[in-house]
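Keep the model open as you read.

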Amino acid sequence: MEPKSPTDSRTILTDLVLPSETNPLNNLFGGELLARMDRAASIAARRHSRRIVVTASVNHVAFKRMIPLGSVVTVEANISRAFKSSMEVVIDVWVEDRESGLRNKANDAIYTFVAVDDSGAPVPVPPIKPETKEEQERYDAALRRKQLSLVLAGKLKPSEATELKALFED
């Protein structure tokens, strides 16, 4: 399979925060934001794999800023690294200031998706070829996160987690 660039999967969803999507403080429900991030990540994973994709895990979510009623929210997602059948998707959430139009980063997340066939069995996905410094950093970090996840799940011995060990060597 030919490698793909992270920009090939780039997905941008922009929407308005409506009253039915807010909590009693008039801020976007966390669950609503998670759903928006899941949709953007799913589209990015499908664009990369050109297959049916399923959410395997939500590896990281940081709710850094409240998102008030009426805000314009933009969710950006792209593949940071592809493994055999799984893909790590990095998601950035931006809020546009109503008056100035300036965008501020509100949240970020990392999801993992798996490409599957019509019966739900995992299928191979193309590798990623990072093109920018940021893409390379995200690509490298994805392997460390995967190894950490496998060690914590008991599926990889700590001594075999080469990328993690390298962090602690002189």
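The model is predicted. Its largest pocket has a volume of about 350 Å³.

**Largest pocket**
- The lining has 16 residues, and the closest to the centre are Ser-86, Thr-112, Lys-146, Ser-149 and Leu-150.
- At least two lining residues come from each of β2 (52–63), β4 (86–96), β5 (103–116) and α2 (133–152).
- Helix α2 gives the largest share, with 5 residues.
- By class, the lining holds 6 nonpolar, 6 polar and 4 charged residues.

**Second largest pocket**
- Here 13 residues form the lining. Nearest the centre lie Arg-10, Asn-78, Glu-134, Glu-135 and Arg-138.
- Two or more lining residues come from each of β3 (72–82), β4 and α2.
- The lining splits into 4 nonpolar, 3 polar and 6 charged residues.

**Arg-47**
- Arg-47 sits in helix α1, which spans residues 30–49.
- Its relative accessibility is 32%, so Arg-47 counts as partly exposed; that class lies between the 20% limit for buried and the 50% limit for exposed.
- Beyond residues up to four places away in sequence, Arg-47 touches Lys-4, Asp-8, Ser-9, Arg-10 and Thr-11.
- Thr-11 is 36 residues from Arg-47 in sequence, yet their C-alpha atoms are 8.7 Å apart.
- A polar atom of the Arg-47 side chain lies 2.6 Å from the backbone oxygen of Arg-10. Arg-10 is also one of the residues nearest the centre of the second largest pocket.

How values were computed
Residues numbered from 1 in each chain as written. Predicted model: local features only at pLDDT ≥ 70, side-chain atom pairs only at ≥ 80, totals over all residues. Heavy atoms only, no water. 1 Å grid on protein atoms, 1.4 Å probe; cavity = no way out; pocket = protein on both sides within 12 Å on 5 of 7 lines; lining within 4 Å. Points joined across faces, edges and corners; volume = space filled by probe spheres on them. Helix = DSSP H or I, 4+ residues; strand = E, 2+ residues; numbered from the N terminus. Nonpolar A, V, L, I, M, F, W, Y, C, P; charged D, E, K, R; others polar. Buried < 20%, exposed > 50% of the residue type's maximum accessible area, 1.4 Å probe, protein only. Contact = heavy atoms within 4.5 Å. Polar contact = N/O pair within 3.5 Å; in protein donor to acceptor, adjacent residues only side chain to side chain.
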